[in-house]
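The structure comes first, and my notes follow.

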Amino acid sequence: MSTLTGLLQKMESRHSIFEEAVRQLPLPVCPAFGDGATLRAISFAPGERVLRTKDSDSVAKSFPKSVQASGNAVLAAAGANPNVSQGKRVAVLFSGGPAAGGHNVVCGLKRILGQGNTLFGVKPGPKGLIKGNLFEITGADVDGIANTGGFDFLGTDRTKIKTPEQFQQVKETCIKHNLDAIVIVGGDDSNTNAAVLAEYLFSGVKADGSGVQVIGVPKTIDGDLQVGDLLPISFGFDTATKIYAEMIGNILQDTRSSLKYWHFIKLMGRSASHVTLEAALQTRPAVTLISEEVAEKKQSLASIVDQIARSVIERAAKGVTHGVVLVPEGLIEFIPEMNALIAELNDVLAHHADAFAASSADERIGFVAARLTAANAALFASLPDHVVKMLLADRDSHGNLQVSLIPTERMLADMVKVRVGQLDAKVPFGAHCHFFGYEGRCGAPTLFDAAYTYNLGLTAGALILDGRTGYMAAVNKLDAGGQPLAIPLTGLLNIERRHGQDEFVIEKALVKMDSPAMQFFMARREAWSADDLFSSPGPRQLWGAAAQQMPISVALNSGAESLTFKIG
Ligand code: FBP
């Protein structure tokens, strides 16, 4: 074997030159945890902040033990912990979609728990907890996953622990493995699950009557798990948006080089438009749609199409026959008339299921259109054929359309083409469509996400060693060293009507129209379009000038003076 082929074989199975190098990157720690060389566990104490939602009184009745213990007060770091517990058995799991930095949460947990406690990994996600699929995580394991992307070390899933049988099975897992604590790394739904589990496992699990602690860790690329200055952003958002921004920047560069295409790019993010707003702030494209703005202005689909078409024509008048349109994944649900149409379609298909199934493919569109109100029938008729077919596709188990499957970017491109032709037939218009989503979830974490998640892991572990349960680990003051804290999960719960019944949920944080990030975007977007002021941020950097950059929207919304984050 030649030296080179031998070297290449050594690089298999996640040992590329890059992966080897990132494993060696230092992991800075918030000053509260010491200087990094020696970690110290910290204790926590309630500060003055107490959280309330409109439903706090009902929450207190349904979560009496958790609320009584925490008083819904936010916990602040209170110096070195003189009474660190030993012999704790802690399980960690990932829940929901992957996000860069999850592996560093596990590293932080393992290192703060130290030799005196045992950390178990749960495979995969909540389903693994129900099944009791646990294994012990070693120091060598965490050395191997440090700073690497993905959730592959444990896997993940979206099982919601909700039936009495599932709760009982989780209790049995706790008893079988003699667990003292569970750490759930997840988004809004998973942290709601953590709140429910914390209450259920609060006491009476073990023979001595004690319970199992539950701590949540805020993850999601969507960026919709935010709690003001206490939780400026969830982890994974920075890496995902930097990856999308790189790809958008490359496409923008292509548009100005090849001079003939418009690109319609849909960006992941389920409901909220934080990802799209951040990508726009980083790349400054011609048109960016923000779902929350569409809803607030009650824009119709036709007016959105018209707005883009006019931008195409105005730019063409200046000789610019190219551009990029960013489209948030959840747009359709924020267009009031599309929402009304989808709701009526769901009803019609549910009430006439047999007759619809018996009709031929050609008859189906007419069959449904004849049963819609006039306004919905007109909107239905205006949609491209491929969208109409999707709107009539099979419903999910709740009878709802899977809105995320609608290719909004293609729908808009087709409708804009027609509209441009109506407004000025001489304007050339060629479009390409993309959906950027999965590409951004599992890349190696940015330095921001790497440091943030390591410290979230340290915080979650320190909370366990301090005997706490029912909290979400958090780190704020991300431009001033980083400050660990704990957010009482019950202080975040609201009641929402879902599938015909009241459920406790942590509300998704949507883009606020009056937020500094949105205001800045609105003030600049016309100039970006008129003068083609795009920029290409390039690949995310782990070394050099751009490596210390935090998300632009986070910097703006938290009133930072620069884009530089500082943890440690
Ligand atoms: P989480 O909220 O669980 O972090 O997932 C976010 C997300 O990436 C959304 O942006 C996207 O709509 C969804 O997951 C896709 O889910 P799936 O992986 O099940 O296709």
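**Second largest pocket**

I began with the second largest pocket, where α23 supplies the largest share of the lining, 3 residues. I am working from a predicted model, in which local features need pLDDT of at least 70 and side-chain atom pairs count only at pLDDT 80 or more, while totals for chains, interfaces and linings use all residues. Residues are numbered from 1 along each chain as its sequence is written, and side-chain values use heavy atoms, with hydrogens and water left out.

I noted a volume of about 890 Å³ for the second largest pocket, and 37 residues line it, of which Gln226, Val227, Gly228, Asp229 and Lys512 are the closest to its centre. The elements that give two or more residues to this lining are α11 (274–283), α22 (516–531) and α23 (552–557); helices (H or I, at least four residues) and strands (E, at least two) are DSSP runs, numbered from the N terminus. On the 1 Å grid over the protein atoms alone, a pocket is an open set of points with protein on both sides within 12 Å along at least five of seven lines, a cavity is a set where a 1.4 Å probe fits but cannot get out, and lining residues have an atom within 4 Å of a point. Points are joined across faces, edges and corners, and a volume is the space filled by probe spheres set on them.

By class, I found 18 nonpolar, 11 polar and 8 charged residues in the lining of the second largest pocket (Ala, Val, Leu, Ile, Met, Phe, Trp, Tyr, Cys and Pro count as nonpolar, Asp, Glu, Lys and Arg as charged, and the others, Gly among them, as polar). The second largest pocket lies between domain 1 (44–236 + 445–506) and domain 2 (239–329 + 406–440 + 508–538), because both give residues to its lining; the domain bounds come from an automatic or database domain assignment.

**Ligand**

Which residues come nearest to the ligand? Of the 13 around it, I listed Gly97, Arg158, Thr220, Asp222 and Tyr438, where near means that a heavy atom of the residue lies within 4 Å. The shell divides into 3 nonpolar, 4 polar and 6 charged residues, and since domain 1 and domain 2 both give residues to it, the ligand's place is between them.

I then checked the polar contacts (pairs of N or O atoms within 3.5 Å). A polar side-chain atom of Arg158 lies 2.9 Å from an oxygen atom of the ligand, for Asp222 the distance to a ligand oxygen is 2.6 Å, and for Tyr438 it is 2.6 Å.

**Cavity**

I found 1 cavity of 30 Å³ or more. The lining of the largest cavity consists of Leu93, Ser95, Pro126, Leu129, Ile161, Ile184, Ser190 and Asn193, with at least two residues each from β3 (89–95), α6 (125–131) and α9 (188–200). This lining has 5 nonpolar, 3 polar and no charged residues.

**Backbone**

Lastly, I looked at two loops. Lys123 and Pro124 are joined by a cis peptide bond with omega of about -20°, and Pro124 sits in the loop between β4 (118–122) and α6. Asn178 is not a glycine, yet it has a positive phi of about 50°, and its loop runs between α8 (164–176) and β7 (181–186).

How values were computed:
Polar contact = N/O pair within 3.5 Å; in protein donor to acceptor, adjacent residues only side chain to side chain.
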